[in-house]
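Please look over the sequence and the structure shown here before reading on. The report then goes through them topic by topic.

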Amino acid sequence: MAYFGNNPQRGELQELYADLNDLNFEKKKEAVKKVIAYMTVGKDVSDLFQSVIKCLEFNDIEMKKLIYLYIVNYSRQKPDDAIMVIQNFRKDVRKSENPLVRALAIRTFGCLRVPKLNEYLIEPLKDCIQDDDPYVRKTAVLCVPKVYEVSPEICPPLLELLQKLLEKESNALVLANLIQSMREIEVVSGKQIINLNQKIIQKLLLAVDECIEWGQIFILDYLASYNPQDSKQAEVIIERTLPRLSHINPTVTFCAVKVILKYLDFLDNGDLVKNLCKKVAPSLISLLSWNQPEVQYTILRNISLILQKFPILFENEVKVFFCSFNEPYYIKYEKLDIMVRICDSKNFGQVLNELLIYLNEADPHFVRKAIKSIGKIAITYDKALDKAVSILVEFAKNVQQPTEPVQELLIQMQLIYKKNKSMYKHEDSLKFIYSIIEYANEPESKSACAWILGEFGEYIPKSAEKMKEYIDNFQMEDRLVQLQLLTSAVQLYLKYPSQCSILIQQLITSAKDSFNPDVRDRTYIYWRLLSTDPEIVKTLVCFNSGAVQNFSKDLRLWETQDLVLALENMGSISNLFHKLPHQLYKNIKIKINNQQDIKIYKGEEKQEKQENQAQVQQSENQQNNKQEQQQQQQDIDLLSFDDPPVNNINNNSNKANLFELI
């Protein structure tokens, strides 16, 4: 405790200087300890640099550790003085019989990170890479990336040595650290420096069984980025990786999962792929049984990523992702997302029943997310529509104040009505939704309410009066709400021209001079269309499409190529944020994956649904092409602001008189 005093006496450095130059070894050692103690608490002892490095002449390993620590700390401040240490380092590397001293010397040398010193490090580093002791070799290969980061121009000879060592090395510990070091250099340089062949692959697979946990992680992590030559090699690697699925360390298990999922794309046997998926799923589920929420969150974030490429993986395990009352909410949010991803036409009843329970939670954010999940399931699966709407209507009956869940409820009901307009009749859903419209206080929910008023105005009593309340506050609304109000007001006007003529006049007067160009342009377009040919407006804004069969949201986060890259980096920090590594770290250079055939593993039912949606999309495209051809035959210039044709004014005198007032 005396070494860490806050008030050293005057002349303490002079006393340390005298002790460091004393002939007594014990005094020198005690002085070095004091120097390190002062350095630890932040006191500047760099003036003693020369005296400290002289103590390296002694072969005491404890003193060497302390002095090496001192050198690493002050070498950047005194690079010229640090050059004097090079001879001592070389002496320890080449002449010391103790492998711990040799490893300690080369490790300290690599930590200096002073460019002008690195040129003196190359030869000792070459000697250590070829050392007889595996501990020295392991320390040396870990030192190479540090040197490469500071002085890459002097490292080509070292990279050649690493490749030769990769072909000859038999020690599992050295092999694992060698792979990790070369991968770090690949990340910094953006170039491939690891050249694998069948012999090296076999050596790596054997080393997995002999390595400690960190070594297994390094090797499996690299194998997950390797593209096998053929299906046979992929099967061999998967077979040797399968025992790691039951490893006690969750990181090792997860790396094994990453390897297996990567190599499924290279297998030709479909039955083998299904069997492997059945083995992988229990391993991931077992990781969720850990008591640490942080581990659970990491696994769930990556499972959410895996499901984008392997939707069949947990199709029979939906109950595993049901939320417990004592789980943190960030765990519950991830489970909700996963439940939506693995929900299908067979298990949607279980999922909706579980989500119904969540609507009674105390946290409004969680309830809102549960309502959003119900809406996603409803618009994705036709069979789930009735039950989902029943749940949401029952929730709407108990609404008494403008909470967050109410805003999401209005938004999801709008999406459901867009998917199937006839759902407004189901359990008088429109009646209950209209009764809570006054609670909308967010732009998206207000926009949804405006859409409902315009779309179902003929079924809502006093819809024009409610629309007038919105229009009175038009200038104060968000742009999203203003745009929707324009469309909805025009819809109501076309349905009730006599009741809404003054209403539409007030709206256009307020909107035509808006500062927002989108609002202003839409106002003039509707204005001109109504004064020219209201039938065209009716076709545009009152289009009745019936039930939309292919209304579903894409739940994938990335394009397919980016998804493959994200899966190769499973377990990394970037995946916790659902970002690619180069998006999170600026200095990382991504190696492009040349894999041509990228598969998405879907169940049979989901594949049939996708084919049906493709057929519907094709028929819709044909209809759209016909409509475009018909539209091209018309000579009406909708953006022309010349005087409207006389015939249209005569035929629609009420509409024309309305716009004479503006």
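## A charge over a ring

Over the ring of which residue does the charged end of Lys-332 sit? The charged end of Lys-332 sits over the ring of Tyr-329, at 4.6 Å from the ring centre, where a charge is said to sit over a ring if NZ of Lys or CZ of Arg is within 6 Å of the ring centre and within 35 degrees of the ring normal. The charged end of Lys-431 is likewise placed over the ring of Phe-432, 5.8 Å from the centre of that ring.

## How to read the model

This is a predicted model, in which local features need pLDDT of at least 70 and side-chain atom pairs count only at pLDDT 80 or more, while totals for chains, interfaces and linings use all residues. Residues are numbered from 1 along each chain as its sequence is written, and side-chain values use heavy atoms, with hydrogens and water left out.

## The chain as a whole

The chain contains 36 helices and 0 strands, both taken as DSSP runs numbered from the N terminus (helices are H or I with at least four residues, strands are E with at least two). Of its 662 residues, 49% count as buried; buried means under 20% relative accessible area, exposed means over 50%, and partly exposed lies in between, with a 1.4 Å probe and protein chains only.

Among the contacts with a separation of 6 or more, 71% are made by residues 24 or more positions apart, a contact being heavy atoms within 4.5 Å. The accessible surface of the chain comes to about 33,400 Å², and 48% of it belongs to carbon and sulfur atoms; such areas come from the Shrake-Rupley method with a 1.4 Å probe, and for residues only the protein chains shown count as cover.

## Aromatic rings

A pair of aromatic rings is described by the distance of the centres and the angle of the planes. Rings of Phe, Tyr and Trp (its six-membered ring) pair if their centres lie within 6.5 Å, and planes under 30 degrees apart count as stacked, over 60 as edge-to-face and the rest as tilted. A search of the whole structure finds 14 aromatic pairs. In one of them, the ring centres of Phe-314 and Phe-321 are 5.4 Å apart and the planes stand at 90°, so this pair is edge-to-face; Phe-314 and Phe-321 are both buried.

The rings of Tyr-358 and Phe-366 have their centres 5.4 Å apart with planes at 50°, and therefore the pair is tilted. Tyr-358 is buried, as is Phe-366. Elsewhere, one aromatic cluster is formed by Tyr-417, Tyr-424, Trp-451, Phe-456 and Tyr-459.

## Salt bridges

A salt bridge is a side-chain nitrogen of Lys or Arg within 4 Å of a carboxyl oxygen of Asp or Glu, and by this rule the count comes to 26 salt bridges. One of these joins the side chains of Asp-221 and Arg-183 (2.9 Å, N to O). Asp-221 lies in helix H14 and Arg-183 in helix H12 (residues 172-189), so the pair ties together parts that are 38 residues apart in sequence. Asp-221 counts as partly exposed, because its relative accessibility is 21%.

The side chains of Glu-455 and Lys-421 also meet in a salt bridge (3.4 Å, N to O). This pair links distant parts of the chain, with Glu-455 in helix H25 and Lys-421 in the loop between helix H23 (404-419) and helix H24 (429-435), 34 residues apart. Glu-455 is buried, since its relative accessible area is 11%. A further salt bridge is found between the side chains of Lys-495 and Glu-458 (2.7 Å, N to O), which links Lys-495 in helix H27 (residues 479-495) with Glu-458 in the loop between H25 and H26, 37 residues apart. Lys-495 is partly exposed at a relative accessible area of 27%, and Glu-458 counts as partly exposed at 34% relative accessibility.

## Positive phi in two loops

Most residues other than glycine have a negative phi, and most peptide bonds are trans. Lys-462, however, has a positive phi near 60°, and this residue lies in the loop between helix H25 (443-455) and helix H26 (463-472). With a relative accessible area of 60%, Lys-462 is exposed. His-578 has a positive phi near 55° and is placed in the loop between helix H32 (573-576) and helix H33 (581-584); at 15% relative accessibility, His-578 counts as buried.
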